[in-house]
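Subject: Structure for your review

Dear colleague,

Please find the sequence and structure below, handed over for your review.

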Amino acid sequence: ILKPGSIMIRAAMQSMNPETLKTVARKNLAKQVFEDFSKDGVETYSDIMLGLPMETYKSYVDGVLQLIDSNIDEFSMPQTLVLKGTPMEKTEYLEKYDIKTRPRVIPECTGSYGEDSIEVSEFEDMIMHTSTMSFEDYLKCRQFVLIIMIFHNTRILKNIYKFLDFSEIKRSIFFREIFNASL
């Protein structure tokens with residue numbers, strides 16, 4: 001009933017790595033759901049989190065490329081945060097997965113307070129290292145995220161995708177070449 005492009009399906013895939021999903025007690029929708037929606041002209045949107053325990057550089061990149069091959073139209077690729085009151089905040093969990101964080105100012109959570117106009121900012125703890133992802137690999141993943149945001153999410157490659165699909169060439173092959181050229 002709806003016109004093509006009038007609805008977008010969003011699902012938090014979080015990770016394509018089965019070991020990561022088990023560790024964080026999550027399940028994904030089947031990729032086939034996205035592929036079916038795509039065939040019907042429904043736009044799809046997925047979240048893939050960076051910094052989850054048991055994720056590696058390779059599993060992160062491979063997972064995103066799997067979803068690109070499944071015709072996911074757009075990604076959100078948020079940093080994994082250690083949230084207060086969650087199992088991930090516990091010392092045992094942090095130690096078990098060798099999780100290291102760095103503070104980041106929460107956007108729009110800064111203000112001036114009191115007669116002396118004291119500047120106050122709220123911070124959140126971003127995961128930037130785990131037992132399976134070094135800080136250097138994390139930085140390479142951030143570079144990969146930037147490539148996805150620029151070239152995929154902007155839809156700048158729409159016509160190239162049509163050519164690749166027509167030629168039965170996986171989109172992931174093209175993205176690996178773009179990413180490798182950026183290293």
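Please note that this is a predicted model. I begin with the packing of helix 3 (residues 57–69) against helix 5 (residues 135–153), whose axes come within 9 Å and cross at roughly 15°. Because angles under 35 degrees count as roughly parallel, helix 3 is described as roughly parallel to helix 5. The crossing of helix 3 past helix 5 is right-handed.

On the helix 3 side, the contact involves Tyr57, Tyr60, Val61, Val64, Leu65 and Ile68. Their counterparts in helix 5 are Asp137, Lys140, Cys141, Phe144, Val145, Ile148 and His152. By class, the residues of this contact comprise 10 nonpolar, one polar and two charged.

Helix 6 contributes Ile160, Tyr161, Leu164 and Asp165 to the contact, while helix 7 contributes Arg171, Phe174 and Phe175. Five nonpolar and two charged residues make up the contact of helix 6 with helix 7, and no polar residue takes part.

The largest pocket holds about 420 Å³ of space. It is lined by 14 residues, of which Asp73, Arg155, Lys158, Tyr161 and Arg171 are the closest to its centre. In terms of class, the lining of the largest pocket has seven charged, four polar and three nonpolar residues.

The second largest pocket has a volume of about 290 Å³. Thirteen residues line the second largest pocket, and those closest to its centre are Val24, Arg26, Leu52, Thr86 and Met88. Its lining divides into eight nonpolar, four polar and one charged residues. Set side by side, the linings have seven charged residues in the largest pocket and one in the second largest pocket, while nonpolar residues number three in the former and eight in the latter.

With kind regards

Methods
Residues are numbered from 1 along each chain as its sequence is written. This is a predicted model: local features need pLDDT of at least 70, side-chain atom pairs count only at pLDDT 80 or more; totals for chains, interfaces and linings use all residues. Side-chain values use heavy atoms; hydrogens and water are left out. Axes are lines fitted to C-alpha atoms, for helices over the stretch in contact, and angles run from 0 to 180 degrees between N-to-C directions. Helices (H or I, at least four residues) and strands (E, at least two) are DSSP runs, numbered from the N terminus. Angles under 35 degrees count as roughly parallel, over 145 as roughly antiparallel, 65 to 115 as roughly perpendicular and the rest as oblique. A crossing is left-handed if the near helix is turned anticlockwise from the far one by less than a right angle, and right-handed if clockwise. Contact means heavy atoms within 4.5 Å. Ala, Val, Leu, Ile, Met, Phe, Trp, Tyr, Cys and Pro count as nonpolar, Asp, Glu, Lys and Arg as charged, and the others, Gly among them, as polar. On a 1 Å grid over the protein atoms alone, a cavity is a set of points where a 1.4 Å probe fits but cannot get out, and a pocket is an open set with protein on both sides within 12 Å along at least five of seven lines; lining residues have an atom within 4 Å of a point. Grid points are joined across faces, edges and corners, and a volume is the space filled by probe spheres set on the points.
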